[in-house]
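Here's a quick tour of a protein chain for someone just starting out with structures. Have a look at the model first, then read on.

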Amino acid sequence: MASDAVIETAEPPTRSTPLAMAIEQRDRMTMKMVEKAVRSRNVRLAYQPVVQASHQQRPKFFEGLVRVLDDTGRVIPARDFIHVVETHEIGRIIDCLALEMGLAALSANPKLKLSINLSARSIGYRRWMTTLETGIAQIPDLRGRLILEITEASAMIMPDIVQAFMVGLQDKGVLFALDDFGAGYTSFRYLKSFYFDILKIDGQFIRDIQSDADNQVLLQALVDIGRHFDMYTVAEAVETTREAAFLTAIGIDCLQGYLFGAPALKPSWTVGKPQKLAG
């Protein structure tokens, strides 16, 4: 008599699809390109101005955005490689180089106020901490001029560690910005505990904000959160005068985007008369 039992068989191993293989190959090539750029010190900062909404002619501060150069000298922005290197040690080294270049710029330009991006994963990286501690000790009047930007997604990886890290450095005059706010899933319990100095609102809420009723509601809520926690608000990815006018009208403190300047490897203070900063 035949058995009714169902014999379970092991599922065949998952095979990589052509698309998955292509992505893996692309990521390997990206990793090799970044590793070669780091070995050759072909890493740069591109500086983008952040202007005060009520005084848009002069920058309030600059953001130093990391770039690498490929074999042809082409400038590769972080968005094209950071997702590949973020979880590897090469990502920590990129953060170290960005901080080194940022501190050098601050040392050479006593009136400069500059933000540098940081992954939460680099907080425990000894080389990065040594670079920061050395900069704090050696650069006069650094207090209030160095801003460390941590993305919302990165901060949520290890919120308790980030919080303790911030408290220790804020006492030394280092400022902190929560970058890409609204793009991730910040716990408001942690947001209350972090005490960020600056809240940078993600660009997805900014495009055509003057005519997007849904984003207007969301943006106003984000701005209100910033005000409640006494954080300076910055709208990212501002590209049109209409966007800038609406943002200014609702009380955004600062604006950043191509309307006010693209990231530049050679900012104004290195090629001519030093850039005057807003007070």
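In the protein chain, 67% of the contacts with a separation of 6 or more are between residues 24 or more positions apart; a contact here means heavy atoms within 4.5 Å. This is a predicted model, where local features need pLDDT of at least 70 and side-chain atom pairs count only at pLDDT 80 or more, while totals for chains, interfaces and linings use all residues. Residues are numbered from 1 along each chain as its sequence is written, and side-chain values use heavy atoms, with hydrogens and water left out.

**The overall picture**

- The protein chain has 10 helices and nine strands; these are DSSP runs numbered from the N terminus, with helices being H or I of at least four residues and strands being E of at least two.
- Of its 279 residues, 46% count as buried.
- Buried means under 20% relative accessible area, exposed means over 50%, and partly exposed is in between (1.4 Å probe, protein chains only).

- Two packed helices are described by the angle between their axes and the distance between the axes.
- Axes are lines fitted to C-alpha atoms, for helices over the stretch in contact, and the angles run from 0 to 180 degrees between N-to-C directions.
- Helix 1 covers residues 18-39 and helix 3 covers residues 89-108; their axes come within 11 Å and cross at roughly 40°.
- That makes helix 1 and helix 3 oblique to each other. Here's the scale: angles under 35 degrees count as roughly parallel, over 145 as roughly antiparallel, 65 to 115 as roughly perpendicular, and the rest as oblique.
- Helix 1 provides Met-31, Val-34, Glu-35 and Val-38 for the contact, and helix 3 provides Ile-90, Ile-93, Ile-94 and Leu-97.
- Sort the residues of this contact by class and you get seven nonpolar, no polar and one charged.
- For those classes, Ala, Val, Leu, Ile, Met, Phe, Trp, Tyr, Cys and Pro count as nonpolar, Asp, Glu, Lys and Arg as charged, and the others, Gly among them, as polar.

**Helix 3 against helix 4**

- How do helix 3 and helix 4 pack? They sit at an angle of about 10°, with their axes 9 Å apart.
- Helix 3 and helix 4 are therefore roughly parallel to each other.
- On the helix 3 side you'll find Ile-93, Asp-95, Cys-96, Leu-97, Leu-99, Glu-100 and Leu-103, which meet Arg-127, Trp-128, Thr-131, Leu-132 and Gly-135 in helix 4.
- The contact of helix 3 with helix 4 has seven nonpolar, two polar and three charged residues.
- Ala-104 counts as partly exposed, at 47% relative accessibility.

**Salt bridges**

- There are 10 salt bridges in the structure; each is a side-chain nitrogen of Lys or Arg within 4 Å of a carboxyl oxygen of Asp or Glu.
- One of them joins the side chains of Arg-127 and Glu-100, at 3.3 Å from N to O. This pair links distant parts of the chain, with Arg-127 in helix 4 (residues 126-138) and Glu-100 in helix 3, 27 residues apart.
- Both ends are partly exposed: Arg-127 at 35% relative accessibility and Glu-100 at 25%.
- Arg-41 joins in too, as Arg-41, Glu-100 and Arg-127 are linked in a network of salt bridges.
- Asp-70 and Arg-74 also meet through their side chains, at 3.1 Å from N to O. Asp-70 counts as buried at 14% relative accessibility, whereas Arg-74 counts as exposed at 53%.
- Another salt bridge connects Arg-126 and Glu-133, at 3.3 Å from N to O. Here Arg-126 is exposed at 53%, and Glu-133 is partly exposed at 34%.

**Two aspartates with a positive phi**

- Most residues other than glycine have a negative phi.
- Asp-180 isn't a glycine, yet its phi is positive, at about 55°. You'll find Asp-180 in strand 6 (residues 175-181), and its relative accessible area of 26% makes it partly exposed.
- Asp-230 isn't a glycine either, and has a positive phi of about 60°. Asp-230 lies in the loop between helix 8 (213-228) and strand 8 (232-235), and is exposed, with a relative accessible area of 70%.
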